[in-house]
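Work through the exercises below with the sequence and the model open. Each task is followed by a solution in steps.

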Amino acid sequence: LETTRVCAAAPKERGFHVFYQLLKARNIAPLSELGLGEPYDYRYLQGCQTVAGKIDDVKNFEDLCESLQALQFDEERRLALFKITAGILTLGNIELQEGDEADSSRVVDRAPVEKAAELLGVPPSDLEACLLRKKLVIGGETTEANLTVDQAAAARDALARLWYGRLFTWLIGCMNKTLTLTRDEEASNEKLLGVLDIAGFEAFEQNSLEQLLINLSNEHLQAHFNKVVFKAELDESEREGVKVPDNVNFNDNSQVLSLIDGKGGLLEILDETMAIARNTNQTYVTMVSKRQGGCPQLIVPKILKLGFGIRHFAGEVHYGCDGWLAKNADKAPEDAKALLKGSSHSILQEIGQLFDDEEGSMGQQRSAKKAATKSLTSSFRTSLQSLMAKIEARDPHFIRCVKPNMEKVPNKVSGKMVMEQLLFSGVLATVRIRQQGYAYRVPHKTFVLMYRCIVHRPGKVRLLALIGNEQNGARDEQEAEYAAEA
């Protein structure tokens with residue numbers, strides 16, 4: 001989940017749709033009792049697009065309620081889910097300024113604090129303390145330290161992203177429990193149809209860790225596409241005795257996969273950097289340059305820069321590495337966990353308990369020699385490996401979606417942009433292979449019945465006997481006529 005969208009979105013994009021659904025449907029029960037405002041009243045939604053095409057946010061909210069009800073969320077849980085989401089959105093309205101003490105901060109207006117706390121079911125004083133101070137454990141004793149205005153603002157946004165991301169994960173878990181078949185049902189269900197709608201390849205002006213993970217999943221799917229489609233085409237040409245020229249090939253992205261996801265790759269280096277004392281994001285970039293600088297798919301900046309580029313199968317993407325270590329840590333601050341478990345909402349209490357369960361599980365996995373590392377990227381890679389194992393065990397069919405223009409407007413096609421997508425996705429390479437063989441492919445029986453008029457009558461009888469007489473209607477009568485005449 002791209003949790004950075006919780007706090008900000010690009011000028012021509014929206015944040016998460018549920019925010020707008022809640023705010024647009026604020027006068028509909030049960031939201032009418034929450035005292036919500038318009039989208040422009042919330043700092044996290046300011047500066048981005050409020051309306052998206054023909055999307056009806058009120059209608060979609062009604063559909064959302066029906067879907068949650070079908071997934072066995074009762075009215076109380078649905079309302080709690082909406083309150084928590086609105087509370088996360090309200091966190092962004094908490095403004096901060098310099099405090100009376102040096103390197104400290106304070107809240108400008110307590111109203112947003114109290115509103116957010118009310119929606120989240122936590123004491124306002126505890127929420128304020130979580131934003132303005134941090135706890136330090138020194139020599140077994142716990143002490144508190146003030147946060148500067150910038151640090152407090154970062155803590156506020158980090159809290160919003162963390163809670164929204166964990167709420168999303170919790171929601172998916174509940175849905176899976178409801179939808180998953182029992183063992184007996186799985187045993188009796190021989191047929192399975194799965195639909196995978198993957199996020200497209202992303203390359204923005206500013207790309208971060210989220211884009212790298214999304215693009216990694218696309219790289220894996222492209223490798224699977226290469227394996228299935230091109231290998232199938234080449235094998236069929238070989239069976240038919242068609243020689244495919246040596247210059248027909250495809251974009252092999254195995255080196256990119258090795259660079260990002262292989263042993264000693266970018267993601268492993270990121271996990272290693274987390275274990276280094278006094279590490280920084282620049283430490284990570286420096287380690288990447290030293291270890292992978294010779295890889296042709298890596299673009300190392302000539303001047304000192306907090307980032308690098310990668311030559312993906314779909315083109316070059318430059319990544320900024322600011323904040324990667326914090327994102328990869330995927331660890332909730334102690335105060336945030338205490339807030340969760342102390343909330344009046346059972347949902348947040350369950351999420352807080354999940355943190356403890358994860359830490360307990362990691363403690364059991366630790367060995368005397370090496371501690372197991374849990375990170376955002378390691379969890380993502382495990383999930384992606386599981387997904388690819390499922391896909392590779394199935395009979396896949398591919399649908400390629402082509403974006404016509406960058407402006408996201410109808411009735412406009414950019415030829416250059418469309419051509420690049422067809423080229424990078426491997427579609428044109430597949431076409432070239434087919435051009436070298438039998439591009440027009442129909443079953444033998446259909447072909448014979450279509451062109452039998454050019455064969456003399458005795459030959460027709462032999463052909464019809466060879467392919468069998470399984471056609472109905474007029475075709476049966478024609479074949480009987482041909483046989484009688486012969």
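**Exercise 1. Which residues form a nonpolar patch on the surface, and how much accessible area do they have together?**

Solution. The model is predicted: local features need pLDDT of at least 70, side-chain atom pairs count only at pLDDT 80 or more, and totals for chains, interfaces and linings use all residues. Residues are numbered from 1 along each chain as its sequence is written, and side-chain values use heavy atoms, with hydrogens and water left out.

Step 1. The patch consists of Y440, F447, M450, Y451 and I454, with about 580 Å² of accessible area together. Areas come from the Shrake-Rupley method with a 1.4 Å probe; for residues, only the protein chains shown count as cover.

Step 2. Take M450 as one member. M450 lies in helix 18 (residues 444-451); helices (H or I, at least four residues) and strands (E, at least two) are DSSP runs, numbered from the N terminus. The relative accessible area of M450 is 43%, so M450 is partly exposed. Buried means under 20%, exposed over 50%, and partly exposed in between (1.4 Å probe, protein chains only).

**Exercise 2. Is Q222 buried or exposed, and which residues does Q222 touch?**

Solution. Step 1. Locate Q222 in helix 8 (residues 209-239).

Step 1. With a relative accessible area of 3%, Q222 is buried.

Step 2. List the contacts (heavy atoms within 4.5 Å). Not counting residues up to four places away in sequence, Q222 touches N253, F313, R400, F424, S425 and G426.

**Exercise 3. Which residues of the largest nonpolar core touch the most other members?**

Solution. Step 1. A nonpolar core is a set of buried Ala, Val, Leu, Ile, Met, Phe, Trp, Tyr and Cys residues joined through side-chain atoms within 4.5 Å.

Step 1. The largest such core has 61 residues, and F19, L127, W163 and W170 touch the most other members.

Step 2. Elements giving two or more residues to this core include helix 1 (17-24), helix 3 (75-91) and helix 14 (346-365). Helix 6 gives the most, with 10 residues.

Step 3. Look at W170: leaving aside residues up to four places away in sequence, W170 touches F73, R77, L81, I347, E350, I351 and L354. A second, separate core of 29 residues includes I269, Y284, I310 and Y319.

**Exercise 4. How many aromatic pairs does a search of the whole structure find?**

Solution. Step 1. Rings of Phe, Tyr and Trp (its six-membered ring) pair if their centres lie within 6.5 Å; planes under 30 degrees apart count as stacked, over 60 as edge-to-face and the rest as tilted. The search finds 12 pairs.

Step 1. F61 and F82 make a tilted pair, 5.2 Å centre to centre with 55° between the planes. F61 is in helix 2 and F82 in helix 3, 21 residues apart. F61 is buried at a relative accessible area of 2%, and F82 is buried at 3%.

Step 2. The ring centres of F308 and Y319 are 6.4 Å apart and their planes are at 50°, so this pair is tilted. F308 belongs to strand 6 (residues 307-312) and Y319 to strand 7 (residues 315-320).

Step 3. Ring pairs link Y284, F308, Y319 and W324 into a cluster.

Definitions and conventions:
Patch = residues over 30% accessible without salt bridge, like charges linked within 9 Å, V, L, I, M, F, W, Y side chains within 5 Å. Salt bridge = Lys/Arg side-chain N within 4 Å of Asp/Glu carboxyl O.
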